[in-house]
Amino acid sequence: MKNIFIAITILFSAFVFIQCTEDEVTSTENGTLKLEFDNVVGTSNLQLNTSNFAFENALGEDFKVTWLSYYISEVRLKKEDGTYFVDPVAFDGSTGFYLIDEADAESHVIELKDVPPGSYTEVTFKIGVDASQMTQGAQTGPLDPSIGLFWSWNSGYIFFAMEGASPVSTAEGNALVYHVGGYKTLDGSPNLVNNIKEITLTFNGDNPIVDADEDPQVHIIMDLKKFFNGPAGNISFASNSVRHSPASCVDVAQNMAAAFNVDHIHQ
Amino acid sequence: MTCLLASHLTFYLTMRVILVVWLALLILSCKEQEVSNPYQFVIPDNFPESKYSFQNNPITKDGFELGRMLFYDPILSRDETVSCSSCHQQHVAFADPLHVLSIGVDERVGTRNALPIQNMAFQQFFFWDGGVNHLDFVPINAITNPVEFDESVGDIVDKLNASSFYKNQFNKAFGEKEVTSQKVLHALSQFMVLMISANSRYDKYIRNEGELLSTQEQRGLLLFKQNCANCHSTDLFTNGDFLNNGLDTDENLDEGRARITEFNEDKGKFKVPSLRNVALTDPYMHDGRFNTLKEVLQHYSNGIKTSSTVDNRLFTNNSPGLSLTEDEQNDIIAFLQTLTDESFIKDKRFSAPLMPKQ
């Protein structure tokens, strides 16, 4: 019996010791790194609700944009020494998920807090909301279904939403509707697809340096033109103006993953 | 050294006290479990594991009671005329006794017969097409469907936040007055996960609790095992699969599960429903086309229509139908009636709550 108590005493002391050392490591000099998402169409800055069809896709079809929103999640930063800073993800979506909404300028900048000091070489993130999050039940924060990016009938989030209009669209009101989502996969259901995309963008040697006094900002460009013309092909508004089911979005989801790149760093 | 010894001795004594208190607490909590807590989730002995994420939404009495109020309150619908309980009524195991197809706001007619709400914690997929894969998300379907509540989740949150009564209830349940969609959905889930039906005559028979089945019911059970239990398996009476049970030919197959899987081979397939309380939940099938169990048994016996996706277990010697005699059909129906759970449909925990005037 006495031995047990001695063992407990030693374990307890060890825990106290470990906790102390952990605190010492994480409590000093951490900083902030910001990721700015700048939405553009080719060489033009993206503007919502333009009075005319202000933009053009790679096929020369004119269009305008009324809504553009997407989720960025599970952000990781790779340090020069090969270690990672992992932005914490909460089971209920309250942290680790960011809704970039073109209509809300404040949402364009993601602030990664408590980043250990150092020189960072690349950023990795997902565009969308992973299947594992859906098994956790009701979500909050940016994932609150009242925000309007939740599919009820086929439960899940729209990862990337673009709506607008094009004179060549054959849909009602010349509408353009692209709702990229879908994360379910099941044996025996070949058309159920996981359209979530994880991408890694390197800083090309222009490494942001994080410390307590510096909060560098990484300027990321999302080019909507590439969303319609990328590795999976060229999307025509005349023949493909509406996509809002997982299987129908496989190609635009691949294009979506290729629409992001790092433009420059503000140190 | 003496100082170190003394501190170890103090520590030793402290640990002893902590251990004693801890053991006492353990014993107390065991005793509490023996006195059954009506708000505790307990898996019946003959049931499989639950699928619900309790770690993110632990049940409390106040959370359950809030879910119960919301379930019965038409505030969840656009014009506050329809509640969950409109189409899910306790006396018929929370199915819809009145309508073949459910009716929403403005008397709009839905496309499906309302499924009963029971044993929700044990299901992986919800609704006839299985489009929803977590219980928390189930109410969003009814809320936002134009032929059901035709309401937005955000509007519901606003309406509840404008009610001092509800703000107090949310505070009691979740420790915060502010209503969020997450709390609304969690409360509804807390109510629904406790809606367990596992106390029918069949359950008491299978668990050796002193219940006996009549000779006819036992014959029915045997026939059921031979003819039906391939799909209506386990004591949930479903294998959780999506199958075409031969209701229509290819020309008029409903989209069914294919709406979710976007796969033509899933056309005409629907969730295999549980048969618990099946004698109460008429009409039957996704579109409520059969009014009686007799019609259902006749369908399986000699009414199966062939199509490209019909389940091949519904054929006998390459001919459609299970070819059951009338006596066999009656025996199976007699057995199915033993799945009626009187205590579930009379359980006061699930009945309409008394709401104060607001």
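Start with chain B and colour its two domains: their centres, taken over C-alpha atoms, are separated by 28 Å. The model is predicted. The domain assignment puts domain 1 at 54–196 and domain 2 at 201–343 of chain B.

**Stop 1: between the two domains**

Select the residues where these domains of chain B meet. Domain 1 gives 18 residues to the contact, and domain 2 gives 20 residues. Ten of its residues are nonpolar, six are polar and two are charged.

**Stop 2: a residue at the end of domain 1**

Pick Ile196(B). It sits in the loop between H7 and helix H8 (201–206) of chain B. Is Ile196(B) buried or exposed? It has 22 C-beta neighbours inside 10 Å, so it counts as buried; the cut-off for buried is 20 or more.

Ile196(B) and Gln118(B) are 78 residues apart along the chain, yet their C-alpha atoms are separated by 5.7 Å. Then show Pro44(B) and Asn119(B). Ile196(B) touches both, leaving out residues up to four places away in sequence.

**Stop 3: the largest nonpolar core**

Show both chains again. The largest nonpolar core has 109 residues. Which of them touch the most other members? Select Tyr71(A), Phe159(A), Val180(A), Met256(A) and Val184(B). Next, highlight strand S4 (residues 62–79) of chain A, which supplies the largest share of this core, eight residues. Domain 1 and domain 2 of chain B both give residues to the core, so it lies between them.

Zoom in on Val184(B). Beyond its neighbours within four places in sequence, Val184(B) is in contact with Leu70(B), Ile156(B), Val157(B), Leu160(B) and Val179(B). Another core, of 23 residues, lies apart from the largest one. To find this other core, select Phe122(B), Phe237(B), Val278(B) and Phe290(B), which are among its members.

**Stop 4: where the chains meet**

Select the contact between chains A and B. Chain B gives 29 residues and chain A gives 26 residues. Which elements of chain B give two or more residues to the side that touches chain A? Colour helix H1 (2–34), helix H4 (138–144), helix H5 (153–161), helix H7 (181–193) and helix H10 (258–261). Colour this side of chain B by class, too: eleven residues are nonpolar, 16 are polar and two are charged.

**Stop 5: chain A**

Chain A has four helices and 18 strands. Of its 267 residues, 36% count as buried. Among contacts in chain A with a separation of 6 or more, 76% join residues 24 or more positions apart.

Technical notes: Residues are numbered from 1 along each chain as its sequence is written. Chains are lettered from A and ligands numbered from 1 in the order in which they are written. This is a predicted model: local features need pLDDT of at least 70, side-chain atom pairs count only at pLDDT 80 or more; totals for chains, interfaces and linings use all residues. A nonpolar core is a set of buried Ala, Val, Leu, Ile, Met, Phe, Trp, Tyr and Cys residues joined through C-beta atoms within 7 Å. A residue is buried if 20 or more other C-beta atoms lie within 10 Å of its own, exposed if 12 or fewer, and partly exposed in between; C-beta atoms are placed from the backbone. Domain bounds come from an automatic or database domain assignment. Two residues are in contact if their C-beta atoms, placed from the backbone, lie within 7 Å. Ala, Val, Leu, Ile, Met, Phe, Trp, Tyr, Cys and Pro count as nonpolar, Asp, Glu, Lys and Arg as charged, and the others, Gly among them, as polar.
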